[in-house]
Amino acid sequence: MVIETKKSLSDFIESEKKEKKIIGLVPTMGALHDGHLSLIDFAYEFCDLVVVSVFVNPTQFNNPTDLDKYPRNLQKDEALLTTHNSKTVIFAPSAEEVYAGKIQSESYDFGSIVKFMEGEFRTGHFDGVGSVLKRLFDIVKPHKAFFGEKDFQQLMAVKKLVEITNQEVEIIGCPTSRNEFGLAQSSRNFRLNDDELKLAEIIHKALTKAKLMFEDSDFETIIAEIKTMFENEKKVELEYFSIASEADLTPTKIKDKNQKYRAFIAAFVGEVRLIDNMALNY
Ligand code: AMP
């Protein structure tokens with residue numbers, strides 16, 4: 001079932017809540033793939049009804065071409081979700097419906113977690129993410145909302161958003177779903193041809209290498225090694241490779257045995273920008 005207006009959705013959710021159902025929200029930008037389906041399956045382990053929002057949020061794109069070229073196919077998404085789990089409700093509002101006419105972001109004080117990596121290279125991105133999620137939480141009023149670790153910095157920013165805006169929703173992180181070659185599923189992969197899909201595997205290879213090196217190498221050595229890997233593959237352009245602790249998401253070269261570390265990558269394969277990350281020591 002597809003619902004397009006806030007009013008119809010909140011009426012529906014209210015009636016479901018009267019039946020004591022636990023409501024889960026999986027926010028997406030559509031062009032659904034196995035990664036999204038894994039989030040939905042995860043959500044059904046905790047919830048009676050899952051709402052999947054399909055909304056390409058204009059305020060989180062810093063690059064207009066990226067927004068224009070973002071894959072959209074609501075009919076295909078609906079068919080996929082209906083086959084996968086027919087209980088699932090799709091909320092597919094227009095930008096006017098979500099933003100009530102004024103399509104712009106608020107700004108949020110997320111602290112250090114959005115200063116680097118995606119926050120550094122996509123100016124305004126997390127304010128856009130926060131602005132749309134704040135609205136979606138207000139409309140759906142879910143008990144729980146599910147986000148992929150694939151976008152780890154986003155997951156941390158959403159936890160912070162809920163804290164600073166006093167939302168009553170529990171944020172749950174879900175593992176990254178990958179294809180058989182380790183490439184993280186992503187809607188942007190639909191824009192890659194077969195050669196590019198193969199080239200994109202370097203991202204997971206680099207993260208795996210960083211994880212293997214973690215125990216015996218210092219961060220400078222790991223970072224240099226990964227940069228060399230990308231320099232040797234001219235068709236993929238590394239935007240950043242960073243190691244940061246989960247606590248502050250601030251890139252560091254100093255290893256502290258008591259911290260949980262992740263490696264983060266953004267790279268362009270042709271025109272398509274891909275991101276991924278991996279836990280290094282936990
Ligand atoms: P998107 O439609 O790309 O905005 O993603 C919607 C949600 O799905 C976000 O919480 C993403 O982190 C999550 N997601 C995207 N790709 C994957 C994946 N490969 N594995 C797990 N979650 C994912």
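Predicted model: local features only at pLDDT ≥ 70, side-chain atom pairs only at ≥ 80, totals over all residues.
**Notebook: the pocket, the cavity and the ligand**

I began with the largest pocket, whose lining residues divide into three nonpolar, three polar and six charged.

Residues are numbered from 1 along each chain as its sequence is written, and side-chain values use heavy atoms, with hydrogens and water left out.

**The pocket**

I looked up its space and found about 210 Å³. The lining of the largest pocket includes Asn62, Asn63, Arg122, Glu239 and Arg273. Helix H3 (64–69) and E9 are the elements that give two or more residues to this lining. Helices (H or I, at least four residues) and strands (E, at least two) are DSSP runs, numbered from the N terminus.

My terms come from a 1 Å grid over the protein atoms alone: a cavity is a set of points where a 1.4 Å probe fits but cannot get out, a pocket is an open set with protein on both sides within 12 Å along at least five of seven lines, and lining residues have an atom within 4 Å of a point. Grid points are joined across faces, edges and corners, and a volume is the space filled by probe spheres set on the points.

**The cavity**

I searched the whole structure and got two cavities of 30 Å³ or more. The largest cavity has a volume of about 840 Å³. I listed 46 residues in its lining, with Met29, His36, Lys150, Asp151 and Gln154 nearest its centre. Helix H7 (125–140) gives the largest share of that lining, namely six residues.

**The ligand**

Where does the ligand sit? I found it in the largest cavity; to sit there, more than half of its atoms must lie within 2 Å of the grid points.

I then went through the 17 residues around the ligand, of which Met29, His36, Asp151, Ser177 and Gln185 come nearest; a residue is near if one of its heavy atoms lies within 4 Å. H2 gives three residues, the largest share of this shell.

For polar contacts (pairs of N or O atoms within 3.5 Å), I noted an oxygen atom of the ligand 2.9 Å from a polar backbone atom of Gly148. A nitrogen atom of the ligand lies 2.8 Å from a backbone N or O atom of Ser177.

Notes. Polar contact = N/O pair within 3.5 Å; in protein donor to acceptor, adjacent residues only side chain to side chain. Nonpolar A, V, L, I, M, F, W, Y, C, P; charged D, E, K, R; others polar.
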